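Let's take a walk through a protein together, starting with the whole thing and then moving to its details. Have the sequence and the 3D view open as you read.

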Amino acid sequence: MGSKAKKRMVLPTRPAPPTMEQILEDVRGATAEDVVFTALAPEVSLGPSWRAENPEAQWEQLYQQSRAYVATNQRLKQAGDELRQRYEDLRQAGQELEQDIIQVKQVALSGATTTFSG
C-alpha cells in the first residue's frame, strides 16, 4: 500500500511588527469611542434622550466616573511605586549575588592553588 504524501500549505510571511512610533500614532489618532478605550470600560447604554431628561443623573454618572478614574489612577501610581521598589530589590540582590560569585571563585581558586602547591 502506498502512502499519500501530505501537501504542506505554505503560509505567507508575517508582516513586521509596528514600530513604537506607529503604535503611538495609532493610539493618538484613536477616538474616545475606539475599542482600545472602551473594551474594559463598564457598559453604559444610555441614549442621548436619557441625558436630556435626567441632568442630575448625568452629573451623578460623571461624578462616579471621575471617582473611578481617581481610584484607578491611585492604584496605578501605587503599582508603579511597588514596581520601582521591586526593581531596586532585584538590582540589589543581583549585585549581592555577583559579589558572592566573586568570593566563591576566589575561595575555589585559592583552594585549588593550595592543593597543587601542597
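Accessible areas here come from the Shrake-Rupley method with a 1.4 Å probe, and for residues only the protein chains shown count as cover. By that method, the accessible surface of the protein comes to about 11,900 Å², and 59% of this surface belongs to carbon and sulfur atoms. Before going on, keep in mind that this is a predicted model, in which local features need pLDDT of at least 70 and side-chain atom pairs count only at pLDDT 80 or more, while totals for chains, interfaces and linings use all residues. Residues are numbered from 1 along each chain as its sequence is written, and side-chain values use heavy atoms, with hydrogens and water left out.

Now for the overall layout. The protein has four helices and zero strands, where helices (H or I, at least four residues) and strands (E, at least two) are DSSP runs numbered from the N terminus. Reading from that end, the elements go α-α-α-α.

Let's stop at helix H1, which covers residues 20-29. Leu24 sits in this helix and counts as partly exposed because its relative accessible area is 36%. Together with Met20, Ile23, Val27 and Phe37, Leu24 makes a nonpolar surface patch of about 440 Å². What makes a patch? Patches are built from residues with over 30% relative accessible area and no salt bridge, with like charges joined within 9 Å and nonpolar side chains (Val, Leu, Ile, Met, Phe, Trp, Tyr) joined within 5 Å. Helix H1 gives the nonpolar patch its largest share, four residues.

Next up is helix H2, residues 35-38, where you'll find Thr38. With 36% relative accessibility, Thr38 counts as partly exposed. If you skip its neighbours within four places in sequence, Thr38 is in contact (heavy atoms within 4.5 Å) with Ala32 and Glu33.

Finally, let's look at some charged side chains. Side chains of opposite charge can pair when their charged atoms come close. A salt bridge is counted when a side-chain nitrogen of Lys or Arg is within 4 Å of a carboxyl oxygen of Asp or Glu, and the structure holds three of them.

Take Asp81 and Arg84, whose side chains meet in a salt bridge at 2.6 Å, N to O. These two residues are three residues apart in helix H4 (residues 55-117), so about one helical turn separates them. Asp81 is partly exposed, at 45% relative accessible area, whereas Arg84 counts as exposed at 53%.

Another salt bridge joins Arg86 to Glu82, with the closest N and O atoms 2.7 Å apart. Both lie in helix H4, four residues apart, which is about one turn of the helix. Arg86 is exposed, with 51% relative accessible area, and Glu82 is partly exposed at 41%.

Then there's Glu88, which forms a salt bridge with Arg91, the closest N and O atoms being 2.3 Å apart. Why is about one helical turn between Glu88 and Arg91? The reason is that they are three residues apart in helix H4. Glu88 counts as partly exposed at 31% relative accessibility, and Arg91 is partly exposed at 32%.

Key: Buried < 20%, exposed > 50% of the residue type's maximum accessible area, 1.4 Å probe, protein only.
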